[in-house]
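Q: I am new to this structure. Please take me through a close look at a single part of it.

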Amino acid sequence: EKEDEKTRELQRREQGRAIQQLREKTEDYQRKKASEERRREALENKKARDRQRELIEQDKKERRAAQAAQAASVQSGSGPAPKPPPIPSQPVKRGTYDTVMLRVRPRIPLPIQFPNP
(Lines give C-alpha, C1' and ligand atoms only; values in the text may rest on other atoms or scores of the structure.)
Protein backbone atom coordinates (compact mmCIF):
# COMPACT_ATOMS: atom_id res chain seq x y z
CA GLU A 1 0.00 0.00 0.00
CA LYS A 2 2.87 2.39 0.73
CA GLU A 3 4.31 1.64 -2.70
CA ASP A 4 1.00 2.43 -4.36
CA GLU A 5 0.85 5.68 -2.45
CA LYS A 6 4.41 6.50 -3.47
CA THR A 7 3.74 5.77 -7.17
CA ARG A 8 0.54 7.82 -7.10
CA GLU A 9 2.42 10.73 -5.53
CA LEU A 10 5.13 10.49 -8.22
CA GLN A 11 2.47 10.37 -10.94
CA ARG A 12 0.72 13.39 -9.43
CA ARG A 13 3.99 15.33 -9.40
CA GLU A 14 4.74 14.36 -13.01
CA GLN A 15 1.26 15.45 -14.08
CA GLY A 16 1.71 18.74 -12.22
CA ARG A 17 5.01 19.34 -14.02
CA ALA A 18 3.45 18.46 -17.38
CA ILE A 19 0.51 20.79 -16.75
CA GLN A 20 2.88 23.59 -15.69
CA GLN A 21 5.00 23.10 -18.83
CA LEU A 22 1.88 23.14 -20.99
CA ARG A 23 0.74 26.38 -19.33
CA GLU A 24 4.14 27.97 -19.91
CA LYS A 25 4.12 26.90 -23.57
CA THR A 26 0.62 28.29 -24.03
CA GLU A 27 1.52 31.61 -22.38
CA ASP A 28 4.71 31.84 -24.44
CA TYR A 29 2.73 31.19 -27.61
CA GLN A 30 0.19 33.87 -26.68
CA ARG A 31 2.96 36.38 -25.89
CA LYS A 32 4.61 35.69 -29.26
CA LYS A 33 1.29 35.98 -31.04
CA ALA A 34 0.49 39.32 -29.34
CA SER A 35 3.98 40.60 -30.10
CA GLU A 36 3.64 39.63 -33.76
CA GLU A 37 0.22 41.33 -33.90
CA ARG A 38 1.69 44.55 -32.47
CA ARG A 39 4.56 44.38 -34.95
CA ARG A 40 2.15 43.85 -37.84
CA GLU A 41 -0.07 46.76 -36.73
CA ALA A 42 2.97 49.02 -36.36
CA LEU A 43 4.09 48.10 -39.88
CA GLU A 44 0.60 48.79 -41.27
CA ASN A 45 0.50 52.15 -39.48
CA LYS A 46 3.92 53.05 -40.88
CA LYS A 47 2.80 52.14 -44.41
CA ALA A 48 -0.35 54.21 -44.01
CA ARG A 49 1.68 57.22 -42.78
CA ASP A 50 4.07 56.83 -45.71
CA ARG A 51 1.15 56.72 -48.16
CA GLN A 52 -0.28 59.89 -46.60
CA ARG A 53 3.09 61.64 -46.86
CA GLU A 54 3.37 60.64 -50.51
CA LEU A 55 -0.14 61.97 -51.21
CA ILE A 56 0.71 65.24 -49.47
CA GLU A 57 3.93 65.58 -51.47
CA GLN A 58 2.08 64.84 -54.69
CA ASP A 59 -0.56 67.42 -53.82
CA LYS A 60 2.14 70.01 -53.06
CA LYS A 61 3.78 69.34 -56.43
CA GLU A 62 0.45 69.68 -58.23
CA ARG A 63 -0.29 72.96 -56.45
CA ARG A 64 3.15 74.35 -57.29
CA ALA A 65 2.68 73.36 -60.92
CA ALA A 66 -0.77 74.96 -61.01
CA GLN A 67 0.56 78.15 -59.43
CA ALA A 68 3.46 78.25 -61.88
CA ALA A 69 1.07 77.77 -64.81
CA GLN A 70 -1.22 80.50 -63.47
CA ALA A 71 1.72 82.86 -62.97
CA ALA A 72 2.92 82.15 -66.50
CA SER A 73 -0.52 82.85 -67.96
CA VAL A 74 -0.78 86.11 -66.00
CA GLN A 75 2.68 87.23 -67.16
CA SER A 76 1.99 86.35 -70.78
CA GLY A 77 -1.32 88.26 -70.69
CA SER A 78 -1.71 92.02 -70.26
CA GLY A 79 -1.52 91.91 -66.51
CA PRO A 80 -4.11 90.68 -64.08
CA ALA A 81 -7.69 90.55 -65.19
CA PRO A 82 -9.53 93.78 -64.33
CA LYS A 83 -11.87 93.47 -61.43
CA PRO A 84 -15.49 94.41 -61.99
CA PRO A 85 -16.47 97.68 -60.31
CA PRO A 86 -18.08 97.16 -56.92
CA ILE A 87 -21.84 97.40 -56.86
CA PRO A 88 -22.91 100.18 -54.52
CA SER A 89 -24.87 98.66 -51.74
CA GLN A 90 -28.07 100.25 -50.58
CA PRO A 91 -28.30 101.12 -46.93
CA VAL A 92 -30.04 98.50 -44.91
CA LYS A 93 -33.34 99.65 -43.47
CA ARG A 94 -33.49 99.10 -39.79
CA GLY A 95 -36.79 98.35 -38.21
CA THR A 96 -38.08 100.15 -35.22
CA TYR A 97 -38.31 97.76 -32.39
CA ASP A 98 -40.25 98.78 -29.35
CA THR A 99 -40.86 95.39 -27.77
CA VAL A 100 -38.41 92.89 -26.35
CA MET A 101 -39.28 89.40 -25.16
CA LEU A 102 -37.30 88.22 -22.14
CA ARG A 103 -37.32 84.67 -20.87
CA VAL A 104 -36.69 84.09 -17.20
CA ARG A 105 -35.88 80.77 -15.56
CA PRO A 106 -39.41 79.34 -15.47
CA ARG A 107 -39.48 80.03 -19.23
CA ILE A 108 -42.33 82.50 -19.04
CA PRO A 109 -42.01 85.23 -21.69
CA LEU A 110 -42.21 88.74 -20.30
CA PRO A 111 -43.04 91.47 -22.86
CA ILE A 112 -41.41 94.82 -22.16
CA GLN A 113 -42.59 97.96 -23.99
CA PHE A 114 -40.18 100.79 -24.77
CA PRO A 115 -41.45 104.30 -25.45
CA ASN A 116 -41.04 105.59 -29.01
CA PRO A 117 -38.40 108.32 -29.17
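Is Glu9 buried, partly exposed or exposed, and at what relative accessibility?

A: Glu9 counts as partly exposed, at 30% relative accessibility. Here buried means under 20% relative accessible area, exposed means over 50%, and partly exposed lies in between (1.4 Å probe, protein chains only). Residues are numbered from 1 along each chain as its sequence is written. This is a predicted model, where local features need pLDDT of at least 70, side-chain atom pairs count only at pLDDT 80 or more, and totals for chains, interfaces and linings use all residues, while side-chain values use heavy atoms, with hydrogens and water left out.

Start with the partner of Glu9. The side chain of Glu9 forms a salt bridge with that of Arg13, at 3.3 Å from N to O. A salt bridge is a side-chain nitrogen of Lys or Arg within 4 Å of a carboxyl oxygen of Asp or Glu.

Move along the helix to Asp28. Its side chain meets that of Lys32 in a salt bridge, at 3.6 Å from N to O. Asp28 and Lys32 are 4 residues apart in helix α1, so about one helical turn lies between them. Asp28 is partly exposed, with a relative accessible area of 31%. Lys32 counts as exposed, at 55%.

Next come Glu57 and Lys60. Their side chains form a salt bridge at 3.9 Å, N to O. Both lie in helix α1, 3 residues apart, about one turn of the helix. Glu57 is partly exposed at 38% relative accessible area, and Lys60 is partly exposed at 39%. Back at Glu9, salt bridges that share partners join Glu9, Arg12 and Arg13 into one network.

Now the wider setting. The structure holds 12 salt bridges. The protein chain has 1 helix and 2 strands, in the order α-β-β along the sequence. Helices (H or I, at least four residues) and strands (E, at least two) are DSSP runs, numbered from the N terminus. Of the chain's 117 residues, 0% count as buried. The chain exposes about 12,400 Å², and carbon and sulfur atoms supply 54% of that. Accessible areas come from the Shrake-Rupley method with a 1.4 Å probe; for residues, only the protein chains shown count as cover.
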